[in-house]
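Hello,

Here is the structure I said I would pass on. My notes on it follow below.

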Amino acid sequence: MAYDDLRSFLRALEREGDLKRIKVEVDPYLEVGEIVDRVQKAKGPALLFENVKGSAMPLAMNVFGTERRLSKALGLKSPDDIAEKIGGLLRPELPQGFTGFREAFGKLASMAHVPPRNVKSADAPVHEVVLTGEDVDLEQLPALFTWPLDGGSFFNLGLTHTKDPDSGVRNLGLYRLQRHDRRTIGMHWQIHKDSRNHAAVAAKRGEKLPVAIAFGCPPAVTYAATAPLPGDIDEYLFAGFVAGERVRMVDCKTVPLQVPADAEVVLEGWLEPGEVLPEGPFGDHTGFYTPQEPFPALTIDCVTMRRRPLLQSIVVGRPPTEDGPLGKFTERFFLPLLKVIIPDIVDYDLPEAGGFHNCVIVSIDKKYPKHAQKVMHAIWGAHMMSLTKLIVVVDADCDVHDYQEVAWRALGNVDYSRDLSVVEGPVDHLDHASYQQFWGGKAGIDATRKLPEEGYTRDGGWPEMVASDPETAARVTRRWKEYGL
């Protein structure tokens with residue numbers, strides 16, 4: 001089963017011995033970050049800090065730090081469970097490309113157990129306590145100062161709700177949030193993000209933008225906020241599909257938005273057009289500090305919470321981090337949908353070391369000359385895959401998740417004067433390697449077997465790979481114990 005709220009999941013982890021309570025006082029300035037980074041790199045348990053200096057609120061960390069925990073949180077045996085369900089939505093009659101992508105998700109709306117359902121404020125745990133005016137004090141929430149050169153304290157797992165001022169379509173996104181003072185937080189809305197577009201539309205109309213930020217949400221909702229869905233696909237529809245049940249939603253107290261009724265804490269406010277403050281630096285998931293830049297500054301007018309709330313956050317930095325399982329689940333979930341857009345793909349892998357967007361390893365069943373190059377350009381044109389900096393294309397008989405195998409192909413099968421494609425295009429807002437912000441160079445490596453039609457005309461053609469004699473290999477397997485090995 002999926003879990004209805006964060007605290008029920010934490011109780012389940014504790015029963016299994018996969019949650020550790022830290023009862024001694026810990027400092028959110030550097031100390032919590034150092035503890036969590038060590039534990040998550042060791043694939044250790046979820047952590048519940050019960051005595052965070054400066055706050056009465058417990059802090060849950062490393063909750064999704066292993067694939068096993070994330071699978072359990074979503075009620076799955078593995079991410080392939082949902083990948084199979086998504087694949088079942090993709091019928092042959094669906095057109096290819098983004099139309100098929102959206103039609104596939106459109107089918108979810110007909111499932112009674114998927115769309116979110118509204119509940120009254122009296123039935124929403126997150127409305128048990130309501131603070132307004134001078135009672136709002138973000139200093140009471142445990143924000144983390146994680147790395148020595150960070151520009152301040154940050155909330156790293158607040159789910160940000162906005163809606164398009166023109167269409168009214170809502171968006172759920174995950175952005176870092178710098179605490180500027182007791183009522184102001186910085187919104188790190190990068191150039192490619194939907195919330196940034198919503199703010200731009202509101203500013204053009206001379207209107208304030210309503211914003212709500214939820215912490216400690218049901219696990220399926222938190223995961224959905226990380227998924228790179230197109231802007232017109234509702235994250236709450238996707239969360240219901242993943243969890244297999246409808247998400248309970250409640251109207252906010254002071255802004256025209258809805259949030260999960262079973263969240264732990266919600267911040268509400270109106271973003272004034274042109275209201276910005278310097279944000280950062282921040283030790284980000286790239287493993288490098290991102291620079292200080294001006295970003296929108298949101299004034300919080302209302303805080304709602306449970307009677308005894310807890311906050312959930314994550315530590316990002318040099319991989320591996322808690323981002324790893326979240327990124328791998330997205331990789332698996334979206335393979336069937338990526339195949340709708342690019343049916344040539346057999347499988348793909350997004351290495352965590354590349355931040356899940358800097359590198360894509362993709363296998364294809366090569367059928368014609370320059371097939372690999374066709375797939376490279378299709379990937380660069382596929383939604384947020386456009387930010388990919390390196391694409392390595394291998395044959396279908398290569399396991400894309402075996403990096404030793406991929407490296408062997410990529411290092412041995414390539415003539416870089418012919419098999420390397422270099423282009424320019426958009427890169428991630430956080431990319432520090434591009435010589436100017438937002439765009440830069442990209443490369444595609446064709447590590448497939450080369451065809452005569454591609455100019456490979458050497459005598460004998462492309463060589464065969466070394467492999468054991470099947471009959472001998474079977475005999476050795478049968479006799480293995482006899483050898484005393």
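Pro281 sits in the loop that runs between strand E15 (276–279) and strand E16 (282–283). In this predicted model, the peptide bond joining Gly280 and Pro281 is cis, with omega about -5 degrees. Another cis peptide bond joins Pro319 and Pro320, where omega is about 5 degrees. Pro320 is placed in the loop between strand E19 (311–312) and helix H9 (323–333).

Two non-glycine residues have positive phi. Leu30 has phi near 70 degrees and belongs to the loop between strand E1 (19–22) and helix H2 (31–41). Asn62 has phi near 60 degrees and is found in the loop between strand E3 (59–61) and helix H3 (67–73). Leu30 is partly exposed, at 26% relative accessible area, whereas Asn62 is buried, at 0%.

The largest nonpolar core has 79 residues; those touching the most other members are Leu74, Tyr223, Phe238, Phe333, Phe334, Tyr348 and Val362. Helix H8 (residues 235–243) gives the largest share of this core, seven residues. Leaving aside residues up to four places away in sequence, Tyr223 touches Leu74, Phe238, Leu326, Phe329, Thr330, Phe333 and Phe334. Apart from this core lies another, of 38 residues, including Ala143, Leu209, Val303 and Val315.

The second largest pocket has a volume of about 260 Å³. It is lined by 15 residues, of which Asp415, Arg418, Asp419, Lys450 and Tyr456 are the closest to its centre. By type, the lining has eight charged, four polar and three nonpolar residues.

Regards

Key
Residues numbered from 1 in each chain as written. Predicted model: local features only at pLDDT ≥ 70, side-chain atom pairs only at ≥ 80, totals over all residues. Heavy atoms only, no water. Core = buried A, V, L, I, M, F, W, Y, C linked by side-chain atoms within 4.5 Å. Buried < 20%, exposed > 50% of the residue type's maximum accessible area, 1.4 Å probe, protein only. Helix = DSSP H or I, 4+ residues; strand = E, 2+ residues; numbered from the N terminus. Contact = heavy atoms within 4.5 Å. 1 Å grid on protein atoms, 1.4 Å probe; cavity = no way out; pocket = protein on both sides within 12 Å on 5 of 7 lines; lining within 4 Å. Points joined across faces, edges and corners; volume = space filled by probe spheres on them. Nonpolar A, V, L, I, M, F, W, Y, C, P; charged D, E, K, R; others polar.
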